[in-house]
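Have the sequence and the 3D view ready.

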Amino acid sequence: MNNYLLLTEIRLDTFIPGKKTPQVTLEEIVVNPAHVVMMRQDEYLKQNILDFNKWPEELDQRVTLTKIFMNLGGSHTSSSITVLGDVKIIAQKLQKSDII
């Protein structure tokens, strides 16, 4: 697993059975940099979390979020995730993995 990256994903789960308000989930994930096709800052998710007053107490509100778009192997198969960290920092981590 040399070239895999360990990142922290942040999600706003808006539909959870039995819960009326959205919940924010932080979870460590492993990403294969070879599948990353694009990244951009995710202000939309950050603003939604702040609007619902669900920003995690353990995170400074100055943290930036990056949305990562990945190719899952098919010609039209893709997925996106949002992780903690600035786009430039995530890009540096990708470069250090010797993939890009």
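## The nonpolar cores

The largest nonpolar core has 12 residues: Leu5, Leu7, Ile29, Val31, Val36, Met39, Ile68, Met70, Ile81, Val83, Ile90 and Leu94. A nonpolar core here is a set of buried Ala, Val, Leu, Ile, Met, Phe, Trp, Tyr and Cys residues joined through side-chain atoms within 4.5 Å. Buried means under 20% relative accessible area, exposed means over 50%, and partly exposed lies in between (1.4 Å probe, protein chains only). Which elements give two or more residues to this core? They are β1 (5–13), β2 (23–31), β3 (36–41), β4 (65–71), β5 (78–84) and α2 (87–96).

Another core, of seven residues, lies apart from it, and its members include Ile10, Leu12, Leu45 and Ile49.

## About the model

Keep in mind that this is a predicted model: local features need pLDDT of at least 70, side-chain atom pairs count only at pLDDT 80 or more, and totals for chains, interfaces and linings use all residues. Residues are numbered from 1 along each chain as its sequence is written, and side-chain values use heavy atoms, with hydrogens and water left out.

## Strands and helices

The protein has two helices and five strands, in the order β-β-β-α-β-β-α from the N terminus on. Helices (H or I, at least four residues) and strands (E, at least two) are DSSP runs, numbered from the N terminus.

How do some of the strands line up? β3 and β4 pair in the antiparallel sense over five bridges; strands count as paired if DSSP finds at least two bridges between them.

## Charged partners

Side chains of opposite charge can pair when their charged atoms come close. How many salt bridges does the structure hold? There are four, a salt bridge being a side-chain nitrogen of Lys or Arg within 4 Å of a carboxyl oxygen of Asp or Glu. Arginine 11 meets glutamate 9 in one of them, at 3.2 Å from N to O. Arginine 11 also forms a salt bridge with aspartate 13, where the closest N and O atoms are 3.5 Å apart. Is glutamate 9 buried or exposed? Its relative accessibility is 11%, so glutamate 9 counts as buried. Arginine 11, at 26%, counts as partly exposed, and so does aspartate 13, at 22%.

Now move along to arginine 62, which forms a salt bridge with aspartate 60; their closest N and O atoms are 2.6 Å apart. Arginine 62 counts as exposed because its relative accessibility is 69%, while aspartate 60 is partly exposed at 35%. Salt bridges that share partners link Glu9, Arg11, Asp13 and Glu27 into one network.

## On the outside

Tyr4, Leu6 and Val30 make a nonpolar surface patch of about 290 Å². Patches are made of residues with over 30% relative accessible area and no salt bridge, where like charges are joined within 9 Å and nonpolar side chains (Val, Leu, Ile, Met, Phe, Trp, Tyr) within 5 Å. Tyrosine 4 sits in the segment before β1 and, at 40% relative accessibility, counts as partly exposed.

Zooming out, 29% of the protein's 100 residues count as buried. The C-alpha atoms fill a box of roughly 40 × 30 × 25 Å, taken along the principal axes.

Note on methods. Areas by Shrake-Rupley, 256 points an atom, 1.4 Å probe, with all protein chains shown as cover.
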